[in-house]
Number of protein chains: 2
Amino acid sequence: MLAQRFPWDGTNMPRYKLTIEYDGTPYAGWQRQENGHTVQAAIEQAIGKFCGEDVTLGAAGRTDAGVHALAQVAHVDLTKDWGAAKVRDALNAHLVMADERVVILNVERVPDSFDARFSATARHYLYRIVNRRPPIAIEMNRAWWVSKPLDVEAMHAAAQRLLGKHDFTTFRASQCQAKSPVKTLDRLDVTRNGELVEIRASARSFLHNQVRSLAGSLMEVGVGRWTGDDLVAALEARDRAACGQVAPPYGLYLIGVDYELVQCSPSSSSGLSRGFTTRAIS
Amino acid sequence: MLAQRFPWDGTNMPRYKLTIEYDGTPYAGWQRQENGHTVQAAIEQAIGKFCGEDVTLGAAGRTDAGVHALAQVAHVDLTKDWGAAKVRDALNAHLVMADERVVILNVERVPDSFDARFSATARHYLYRIVNRRPPIAIEMNRAWWVSKPLDVEAMHAAAQRLLGKHDFTTFRASQCQAKSPVKTLDRLDVTRNGELVEIRASARSFLHNQVRSLAGSLMEVGVGRWTGDDLVAALEARDRAACGQVAPPYGLYLIGVDYELVQCSPSSSSGLSRGFTTRAIS
């Protein structure tokens, strides 16, 4: 569909949007690095095996080591105009052969103006907590085990006070490279389904470790060590030292990225803006 | 509660019922064996570390290598009358320290007549299939990936024709040690929730590999290679060679065991029969 709407005119390399699922456990995060295997490197190697090209992927979110994705989004330019389904199936075949825990869920042709990172209008994260006395076995590396009972209503109520535009310095990793600590948090919901407590966070963009910092601080509220006022005071302190525990990476999932395609391509028949979502769980 | 209803009178060793969750991936199945680490051995070792006793567990289902449990049930006799919560927490501490993927969800004092295997009145299994074109990453070792579209309605309709008392020789492993191949299948439901196809099977007891054999044969129906009539013909052949593919172990979960406690204990104040269920998912 998109391939038809945005035909490759032969002057630029065709751009592909990849939607990616991965188990972050065996990886040193998304971003390629000297030490340690990464998700980005796994996919770039699969692309190299598929078409012999040495590419660099751009991604919506540079997830940390141990963090998972149900729908990470990346873009890549290839020299040849492969069909999207062919790219998906070939990359998956190479990823399976290499015993990677990375899967390409979907491939689309997109206009050159599409950038997985800069075109994103919203990012959606899920943080999973198993809240029960016994430790976890099946959910090991898939959720954070919290043994003390969590008051989910108190967590949710406190979370609502963090919505909107704030200086989130308190909830930002010291190594965060964002120019500004001011972000607009659009959603921070806390719900319970039996033993499973889920925190859903949405924003145009997040600071480094922001969701894990929020999840850990909400845990402090849930076990009763913090009140909602304490959470707001931590925000207002604009001081990393005021943050609660940073929740571990293995409970965190990047579950979707939204894009608004405006003026998709000069050759496109429609100049209408169109919103679409790559979201595994809403 | 049970400890009060079934007090240890000092003449017999107190018996404990353990409800157990495990990720079967790293284990050579439930049953202790010379070669390979097993779930039974992991728990028996934890008991040894806890109280120095050399015990043998009896279990409701001897799951194969790679098969998971959300609520396996076992019983064990200890020489000392520990509190049930103490047993649970101590075993979990030792299991975590040993880096096992096994957790004790619950411990109850039960009467000497309770036998995890022979007192069971029903066993409940879940078989999970992820049905989509791309391979699986997050669900690796947790579900069977089937890429061809499954007709779940056809699978469910065919499955209903296997309910009741039958000679299940077709769906029985050659090494099965059961005296009779005749079993009564009480439930075989196939449902879909998005990409996830779930098969739920319940019976008083199952033959070795019966659920995996049924799941694999239902897959043949789902992809259209078999009709419902073919499935019934396979059953009626009473021939292992007539079975479809045996579904892989990592999609299978023992999710619950039911018990009926009749005449719980001579010292119990009530002789009424009481059914209770240890079931993680219904």
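1. Let's start with one cysteine. Cys243(B) is buried, because its relative accessible area is 13%. Buried here means under 20% relative accessible area, exposed means over 50%, and partly exposed is in between (1.4 Å probe, protein chains only). Cys176(B) also counts as buried, at 13% relative accessibility. Before going on, keep in mind that this is a predicted model, where local features need pLDDT of at least 70 and side-chain atom pairs count only at pLDDT 80 or more, while totals for chains, interfaces and linings use all residues. Residues are numbered from 1 along each chain as its sequence is written, chains are lettered from A and ligands numbered from 1 in the order in which they are written, and side-chain values use heavy atoms, with hydrogens and water left out.

2. How many disulfides are there over all chains? A search of the whole structure comes back with zero. A disulfide is a covalent bond between the sulfur atoms of two cysteines. The cut-off used for one is a pair of cysteine sulfur atoms within 2.5 Å.

3. Now for chain A as a whole. Chain A has six helices and 11 strands. These are DSSP runs, numbered from the N terminus: helices are H or I with at least four residues, strands are E with at least two. Chain A is 282 residues long, and 55% of them count as buried. Look at its contacts with a separation of 6 or more: 70% of these come from residues 24 or more positions apart. Contact means heavy atoms within 4.5 Å.

4. Next, a helix pair in chain A. Two packed helices are described by the angle between their axes and the distance between the axes. Helix 2 (residues 39–51) of chain A packs with helix 3 (residues 84–97) of chain A at an angle of about 110 degrees, and their axes are 9 Å apart. That angle makes helix 2 of chain A roughly perpendicular to helix 3 of chain A. The axes are lines fitted to C-alpha atoms, for helices over the stretch in contact, and angles run from 0 to 180 degrees between N-to-C directions. Angles under 35 degrees count as roughly parallel, over 145 as roughly antiparallel, 65 to 115 as roughly perpendicular and the rest as oblique.

5. Which way do helix 2 and helix 3 of chain A cross? Their crossing is right-handed. A crossing gets that name if the near helix is turned clockwise from the far one by less than a right angle, and left-handed if anticlockwise. On the helix 2 side of chain A, the residues in contact include Ala42(A), Ile43(A) and Phe50(A), and among those they meet in helix 3 of chain A are Val87(A), Leu91(A) and His94(A). By class, this contact of helix 2 with helix 3 of chain A has nine nonpolar, one polar and two charged residues. Ala, Val, Leu, Ile, Met, Phe, Trp, Tyr, Cys and Pro count as nonpolar, Asp, Glu, Lys and Arg as charged, and the others, Gly among them, as polar.

6. Chain B has a helix pair worth a look too. Helix 4 (residues 152–160) of chain B and helix 5 (residues 210–222) of chain B cross at roughly 130 degrees, and their axes come within 8 Å. These two helices of chain B are therefore oblique to each other. Helix 4 of chain B passes helix 5 of chain B in a right-handed crossing. The contact is made by Ala154(B), Met155(B), Ala158(B) and Ala159(B) of helix 4 of chain B, with Leu218(B), Met219(B), Val221(B) and Gly222(B) of helix 5 of chain B. By class, that contact between helix 4 and helix 5 of chain B has seven nonpolar, one polar and no charged residues.

7. Asp99(A) has a phi near 60 degrees, a positive value in a residue other than glycine. Asp99(A) sits in the loop between helix 3 and strand 4 (102–110) of chain A, and counts as exposed because its relative accessibility is 53%. Asn141(B) has a positive phi as well, near 70 degrees. Asn141(B) lies in the loop between strand 5 (120–131) and strand 6 (144–146) of chain B, and at 27% relative accessibility it counts as partly exposed.

8. Ser119(B) is in the loop between strand 4 (102–110) and strand 5 of chain B, and it is buried, with a relative accessible area of 17%. Ser119(B) and Glu260(B) are 141 residues apart in sequence, yet 7.2 Å apart in space, C-alpha to C-alpha. Leaving aside neighbours within four places in sequence, Ser119(B) is in contact with Ser113(B), Phe114(B), Asp258(B), Tyr259(B) and Glu260(B).
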